[in-house]
2 protein chains.
Amino acid sequence: MTADNNQTEQVILTAAKSVFMKRGFAAARMQEIADEAGINRALLHYYFRSKEKLFEKIFSEAIGNILPGVKEIIDSDAALFEKIEQITARYIQFATEQPYLPAFVIQELNQHPDKIQMLFKESNNLPDPRKLVKQIDEEVKAGNIIPIQPAHLLVNVIALCVFPFVAKPIIHLVFGLSEEGFKNFIQERKKIVAQTIINSIKKH
Amino acid sequence: MTADNNQTEQVILTAAKSVFMKRGFAAARMQEIADEAGINRALLHYYFRSKEKLFEKIFSEAIGNILPGVKEIIDSDAALFEKIEQITARYIQFATEQPYLPAFVIQELNQHPDKIQMLFKESNNLPDPRKLVKQIDEEVKAGNIIPIQPAHLLVNVIALCVFPFVAKPIIHLVFGLSEEGFKNFIQERKKIVAQTIINSIKKH
DNA sequence: TCGTTGTTTAACAATTTTGTTAAACAATTA
DNA sequence: TAATTGTTTAACAAAATTGTTAAACAACGA
């Protein structure tokens, strides 16, 4: 042997993640994964029997990566505006580190909703929005924010965080941004998203 | 012959659009398109030589369908808040009628940015945001709205409109919505998105 | 009625992709 | 040093998919 068991397994997983996220399941090629891992296809199947199995591992890992952080914030005892700031900061930071991930998850989710929903449920980290929903409802009743349905507020938060990553090529195209310009744009959003959301629900 | 030239061509295009949008280019199968069109694969190639050619036709048609409307609003002389209301209403209406389209465009755009950007440019309907950008800058200078960079404001608008369609399966999952419930949720957003955006830039 | 055009059927070629296998080899461990 | 485990090579089997072709047929217009 050249490297130990665990090391190549990790190399393969890293390569597989990269290729699956760039291409999506259907367009991903085992050969490309092998190349990117610096090994051959035979060894790929030696470690992970099939493309499907490899994919499931990657996908589970990916969502296991996002969900706990969101769950933690949602369940915390922080005040609403604070939570919004935490969620946006965390989400944008995360997507900055793994820019292909949101589009990848969404893509596969749209193509095999049932299968993917299973993987989500199996992860046992699906955030339960009920506590946060209640918190929002109470802020509304207390008159601290304008009346808004919690579901819409939450979708607004996630939308503003995630969408720019998903629509990156369009943003490049429409605003004529360079790679550098896009990075800068994203950094700005760390402040702007929370501010936008909070302004939108503050009482005037 | 059974139907005239133009009729089957249209039937094929409709089927192809449906399949490409559900599956994306890589996962779409010529057989499925033929089935959905109620014809056979041979005839598919008789009309459109290859999968690629068929795809390009579908994609060009799809963007040719979105862009003019947005362009029209952007270039109009309406006041800013009015424009925001028009854009959101139009966008959500459009995505309601073609719910797979946003995810589809985004997916292909992420997978072949160069090729797809070409198709966008060829369409000659790429909205030029400069006029709207100027309008926003002026509203800021006039003190009518809080200071915000136009690019962020525009991205916010599109994000709030489009994201729910792209993330439909997640929304179903997290909020436990039925198909009916989702439709309802979208209808609510027609009002909420414009309101959210306008609140977020109004002076307090 | 004849020719044209659209259409189906069925078979098939070509290509791509996934997955398997056997043989040889390398490095580590007992 | 011998057994084990990881790894490569290369060839190949199997399946899926795209694209082509020839033959027959149906409908319509000239």
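Visitor: What makes the surface through which the copies meet the same surface?

Guide: Of the interface residues of chain B, 100% are also interface residues in chain A, so the copies meet through the same surface. This is a predicted model, in which local features need pLDDT of at least 70 and side-chain atom pairs count only at pLDDT 80 or more, while totals for chains, interfaces and linings use all residues. Residues are numbered from 1 along each chain as its sequence is written, with chains lettered from A and ligands numbered from 1 in the order in which they are written.

Visitor: How many residues does each chain give to the contact?

Guide: Chain B gives 40 residues and chain A gives 40 residues, where two residues are in contact if their C-beta atoms, placed from the backbone, lie within 7 Å. On the side of chain B that touches chain A, two or more residues each come from helix 1 (5-27), helix 6, helix 7, helix 9, helix 10 (168-175) and helix 11 (179-201) of chain B. Helix 9 of chain B supplies the largest share, 10 residues. By class, this side of chain B holds 25 nonpolar, 11 polar and four charged residues. Ala, Val, Leu, Ile, Met, Phe, Trp, Tyr, Cys and Pro count as nonpolar, Asp, Glu, Lys and Arg as charged, and the others, Gly among them, as polar.

Visitor: What does the secondary structure of chain A come to?

Guide: Chain A has 11 helices and zero strands; these are DSSP runs numbered from the N terminus, helices being H or I of at least four residues and strands E of at least two. Of the 204 residues in chain A, 35% are buried.

Visitor: Why are residues of helix 10 of chain A called buried, and which are they?

Guide: A residue is buried if 20 or more other C-beta atoms, placed from the backbone, lie within 10 Å of its own, exposed if 12 or fewer, and partly exposed in between. In helix 10 (168-175) of chain A, K168(A), P169(A), I170(A) and I171(A) are the buried residues. Their cover includes helix 9 (150-166) and helix 11 (179-201) of chain A, together with helix 6 (101-111), helix 7 (113-123) and helix 9 (150-166) of chain B. Just after helix 10 of chain A, G176(A) takes a positive phi of about 60°.

Visitor: Why are helix 5 and helix 11 of chain B called roughly antiparallel?

Guide: The axes of helix 5 (80-97) and helix 11 of chain B cross at roughly 155° and come within 9 Å. Axes are lines fitted to C-alpha atoms, for helices over the stretch in contact, with angles from 0 to 180 degrees between N-to-C directions. Angles under 35 degrees count as roughly parallel, over 145 as roughly antiparallel, 65 to 115 as roughly perpendicular and the rest as oblique. Helix 5 and helix 11 of chain B are therefore roughly antiparallel to each other. Residues that meet there include F81(B) and I84(B) in helix 5 and I186(B) and R189(B) in helix 11 of chain B.
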